[in-house]
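Here are some notes to read with the model open beside you.

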Amino acid sequence: MGEVADGLKDIVASESSISRIELEGEEAVLEYRGYNIHDLAKHSNYEEVAYLLLYGELPTKTELELFSEELKERRELPPQVVGLLTHLSPFSHPMVALRTAVSYLGTMDRNISYTSHEISIEKAKNLIAKFPTIVAYFHRIRMGEKLVHPDDSLNHSANFLYMLHGEEPTETMVKAMDLDFILHADHEFNASTFAARVAASTLADMYACVVAATGTLIGPLHGGAAQRVMEMLREVALPWRADQYVREKIERGERIMGFGHRVYRSVMDPRTVELKRLAEKLSKEKESKWFEISVAIEESVRKYKNLLPNVDFYSASVYANLGIPDDLFVNIFAIGRIAGWTAHIIEQYETNTLIRPRARYVGATGRKYIPIDER
Ligand code: SDX
C-alpha cells in the first residue's frame, strides 16, 4: 500500500483532456480543451465555452447558433419543479434548493439511468440550460416576487440576470456575468468535480453525479468561500480598516476566505487576474467601495501570510456590483461550473475505472467481543 496523501494533495488521480493547469515558473496556465483562459475570456462567450467543454472543439457559427437555440428550448422548468421550489422553506440555502431541484428533474427523466454519449449530452444541455432558471426562480419565490420567465431574445448570461432582477441588464453587466461564467466553467479535479467523477465512476446517473457536485461546492473551503468573502468586505467596510482586521484574524489563527489554493500555492490563479480587472471596472462604474476594500485586504494578507487571492476573492465584489445577494454567490459559481461538471461526468463514463482508494488503518485491532451484560 502507498503513502498517505492527506486530501489527495498532489496525487494524480487519472488522465483528463478537459482542463490543463500548468505552473510554469512565475506564471500559471489554465486551458480549457487546449485554449488559454485569457484568450477565451477576451474572445469567447459562455455558450461557446460550454460547447467547447462538452464537445472538445470550438463550434462553427452554425453549430453555436444551434447549440444556443437548444439551450433556449430547455430553459423553462416543468411546473412540478416550480411547485417544488415554492414548497421549500424560503430560508433554505439556495444551493440546497438547486440540488433538490436537480434531484427532482431526475425523477422526470425516463432515460435517467442511461449513460450513453448522446443521452448524456442531452442531459448536460438540459442542466446547463436550467441551472440559471432554478436559481432565479427560487430567489424570486423566496422574496415573494412574481416569476420572470426566460426571454429567448437574450443570451444565457443576460437571460439569467433578467430572470433574477426582473429587468433587462446593461451590456456591461451581461459581459461581466458572461466572463464570470467562463472563468468558473471548469477547473480540472477540484473537489466538486472530483465528487461528480467518483459518482460517475460507479455509473450512477448524471443527476446523482451533479447532486454530489452541488452538495460538495457549497462548502466554505470551496465554492462557499465567496459568500464569506462578501461578509468580510462588509465587516471591514472601509479600506483603512483592512490591515488591522487581517492582522487580528491571522493572530486568532482564523482562515481568510478567498485566499490560498491547493494548486496555485505561489503563483496567481489566472482567473483571479481576470476577475480583479473585472471587479475594478465594475466598481468604478458603480462607484462602489468593494474593490478598494478588496485590494487593501489582499495587500495585508500578502504581507502577513504571503497568500494569494483565489477565484472566490474578487468574485465577491463582482457579484455585489451585479446586485446578486450574498447567499446566491455559490449558485453563480454552480451556473458556470455545470458545463465542466457534465463534461467530466461524460469523460468519466467513457474512460471509466471505479474510483476506490485505500485507507491506512490507524484504529484499534484484534479486540475481543464482550457480551453487553459484561460491559
Ligand atoms: C475554490 O481546487 C479548485 O480548483 C477549487 C477552485 C475551483 O475553481 O474549483 O479553485 C475554487 O474552491 C477556491 C478555494 C476557495 N476556498 C477558500 O478561499 C477558503 C480559504 N482557503 C483555504 O481554506 C485553503 O487555502 C484551501 C482550502 C483553499 C487550500 O487548502 P490546502 O491546500 O489544504 O492548504 P492548507 O489548508 O494545508 O494550508 C496550508 C497553510 C496552512 O498553514 P500552516 O497550518 O501549515 O501553518 O496555509 C495556511 C494554512 O493555515 N492557509 C491559510 C489559508 N489558506 C491556507 N491561512 C489563512 N487563510 C487562508 N485562507
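1. First, a term: helices (H or I, at least four residues) and strands (E, at least two) are DSSP runs, numbered from the N terminus. On that scheme, E251 belongs to helix α12 (residues 242–251). This is a predicted model, in which local features need pLDDT of at least 70, side-chain atom pairs count only at pLDDT 80 or more, and totals for chains, interfaces and linings use all residues. Residues are numbered from 1 along each chain as its sequence is written, and side-chain values use heavy atoms, with hydrogens and water left out.

2. Staying with E251: is this residue buried or exposed? The cut-offs are under 20% relative accessible area for buried, over 50% for exposed, and partly exposed in between (1.4 Å probe, protein chains only). With a relative accessible area of 60%, E251 is exposed.

3. Now the ligand. Which residues come nearest to it? They are H187, G258, H261, R262 and R271, out of 23 residues around the ligand; a residue is near a molecule or strand if one of its heavy atoms lies within 4 Å of it. The space that the ligand takes is the largest pocket. The elements giving two or more residues to the shell around the ligand are α15 and α16.

4. On what a pocket is here: the search runs on a 1 Å grid over the protein atoms alone, where a cavity is a set of points where a 1.4 Å probe fits but cannot get out, and a pocket is an open set with protein on both sides within 12 Å along at least five of seven lines; lining residues have an atom within 4 Å of a point. A molecule sits in a cavity or pocket if more than half of its atoms lie within 2 Å of its grid points.

5. R271 puts a polar side-chain atom 2.5 Å from a ligand oxygen. For G258, a polar backbone atom is 2.8 Å from an oxygen atom of the ligand. R337 has a polar side-chain atom 2.8 Å from a ligand oxygen. On its own the ligand has 1000 Å² of accessible area, and the protein covers 72% of that. Those areas come from the Shrake-Rupley method with a 1.4 Å probe; for residues, only the protein chains shown count as cover.

6. Next, α15 itself (residues 311–321). How many of its residues are buried? The count is 11 of 11, so the helix is mostly covered. Its buried residues pack against α8 (171–183), α11 (225–236), α13 (270–286), α14 (290–305) and α16 (329–350), where contact means heavy atoms within 4.5 Å. At the start of α15, a side-chain oxygen of N310 comes to within 2.9 Å of the backbone nitrogen of D312. After the helix comes G323, with a positive phi near 75°.

7. Nine of its 10 residues are buried, so α2 is largely enclosed by the rest of the structure. Y46, E47 and E48 are among the buried ones. At its start, a side-chain oxygen of N45 reaches to within 3.1 Å of the backbone nitrogen of E47. G56 follows α2 and has a positive phi, near 85°.

8. L8 is partly exposed, at 42% relative accessibility. N306, in the loop between α14 and α15, is another residue other than glycine with a positive phi, near 50°. N306 is exposed, with a relative accessible area of 64%.

9. T214 in helix α10 (residues 206–217) has a relative accessible area of 0%. Not counting residues up to four places away in sequence, T214 touches M95, L98, R99, F131 and W341. D109 sits in the loop between α5 (94–107) and α6 (117–142) and counts as buried at 15% relative accessibility. The side chains of D109 and K123 are joined by a polar contact of 3.3 Å. Leaving aside neighbours within four places in sequence, D109 is in contact with K123 and Y207.

How values were computed
A polar contact is a pair of N or O atoms within 3.5 Å; within protein, one must be able to donate a hydrogen and the other to accept it, and residues adjacent in sequence count only if both atoms are side-chain atoms.
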